[in-house]
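Colleague: I should like to learn how to read the features of a structural model. May we go through one together, feature by feature?

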Amino acid sequence: MKKTGILKAGLVGLSMCLAGTAAAEPVKVGMITTLSGGGAGLGVDVRDGFMLAVKQSGNKDLEVVIEDDARKPALAVQIADKMIQSEKVDILTGIIWSNLAMAVIPSTVSQGKFYISPNAGPSQLAGKGCNANYFNAAYQNDNLHEGMGAYATKAGYQKTFIMAPNYPAGKDSLTGFKRFYKGELAGEVYTKLGQTDYAAEIAQIRASGADSVFVFLPGGMGIAFMKQYAQSGVFKPVMGPAFSFDQGILQAVGQNAVGVKNSSHWSKDLDVPGNKEFVESFQAEFGRLPSLYAVQGFDAANLILSAMSKADVNDKEAFRAALKEADIQSPRGAFKFNKNNHPIQNIYVREVIKEGDIYTNKIDSLALENHQDAYADECKM
């Protein structure tokens, strides 16, 4: 199995040992993320955000081992088993896709290891499947879609066509949107994960009488859909979560995305302590603007680093309590963990704009304040 190294400026090698800590023992983190194929940009941003935080901390007692899951559940399971059994990692992180998360996380936490999610937040792990060793540094899958459901209702849309890929996060997506949307559905379609041809779905939208379209199509799926939709002449307003209109996607979509509203817990123009510095340092390090995936990787690393400063990773109870404190300065602003170890945080509506030659987002409004997920009450912790 080929390991994937860090090739960005100043972040060279597979395993990294970077500045000092108050932890009694070094901590070894295994990062399993998507670094090849259609979803590679998401994993690259999580990795780079994570390693930027490690570099900035100067921590010599944190070692990070990184491997590419190629968006394949069986491969992710194989890598996780090797990292736990052979590499002897203390913590796993990095998974982007919810079907991979469901394949890896339950086994990881049952073996007494910590898992810190920098992205995937399936409903199954937020509710009855919650675990004291599983923390989500991003969101619960429904959350950003709930924000767009609230926005669509406020905007007065009455007949929205909704679409997402047929996998756990896609199902959570449409469930979340419908939870806060009060209008009628013009159609509800699940597409193939990784699909790139949307001619049939666009024809359905055209025939549906929809007054608006909500899509959750992360990575290359979103790029393909938006290009084809713009060429179709349908011209119904499109909205979605940030995953469909985030920084890594916008340059490929270009002018066709300008004006699109999307929901996120973060934006580069969010006026909170530390955000401007994060954006500037990420851009200086990697030569591009960060995405929400980079923020989530950055926060996942800082959660681990904060816990290391307070507790020994071998003292599970103390380290767990230190993680729970969420004692970090996040570029998204203040958040705290709910009883199911998922964030309570603000969800914003953003609008795609063009700044010079760069397509990006700006804050439009607050969609949901101090929002918690719908599954916390099912968690028995």
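Modeller: Let us begin with Ser244, which is buried because its relative accessible area is 1%; buried means under 20% relative accessible area, exposed over 50%, and partly exposed in between, with a 1.4 Å probe and protein chains only. Please note that this is a predicted model, in which local features need pLDDT of at least 70 and side-chain atom pairs count only at pLDDT 80 or more, while totals for chains, interfaces and linings use all residues. Residues are numbered from 1 along each chain as its sequence is written, and side-chain values use heavy atoms, with hydrogens and water left out.

Colleague: Where does Ser244 lie, and how many residues separate Ser244 from Leu217 in sequence?

Modeller: Helices (H or I, at least four residues) and strands (E, at least two) are DSSP runs, numbered from the N terminus. Ser244 is in the loop between strand 10 and helix 9 (247-253). Along the sequence, 27 residues separate Ser244 from Leu217, yet their C-alpha atoms are 5.2 Å apart in space.

Colleague: How does one read the burial pattern of a helix?

Modeller: An α-helix has 3.6 residues a turn, so residues three or four places apart point the same way. In helix 2, the buried residues are Leu75, Ala76, Ile79, Ala80, Met83 and Ile84. Viewed down the helix 2 axis, these buried residues fall within an arc of 160 degrees, so they line one face of the helix; the arc is that of the directions from the helix axis to the C-beta atoms. Ile79 of helix 2 counts as buried because its relative accessibility is 0%.

Colleague: What span should helix 2 have?

Modeller: The expected span of a helix is 1.5 Å times one less than its number of residues. For the 13 residues of helix 2 (residues 73-85), this gives 18 Å, and the end C-alpha atoms are 18 Å apart, which agrees.

Colleague: What is to be noted about the phi angles of Lys88 and Phe235?

Modeller: Most residues other than glycine have a negative phi. Lys88, not a glycine, has a positive phi of about 60 degrees; this residue is in the loop between helix 2 and strand 4 (91-93). Lys88 counts as exposed because its relative accessibility is 55%. Phe235, also not a glycine, has a positive phi of about 65 degrees and is placed in the loop between helix 8 (220-232) and strand 10 (238-241). Phe235 is exposed, with a relative accessible area of 69%.

Colleague: How many disulfides does a search of the whole structure find, and which parts does the pair tie together?

Modeller: A disulfide is a pair of cysteine sulfur atoms within 2.5 Å. The search finds one, formed by Cys130 and Cys379 with their sulfur atoms 2.1 Å apart. Cys130 lies in the loop between helix 4 (123-126) and strand 6 (134-136), and Cys379 in the segment after strand 14 (358-371), so the pair ties together parts 249 residues apart in sequence. The link is right-handed, with 90 degrees about the S-S bond, and both Cys130 and Cys379 are buried.
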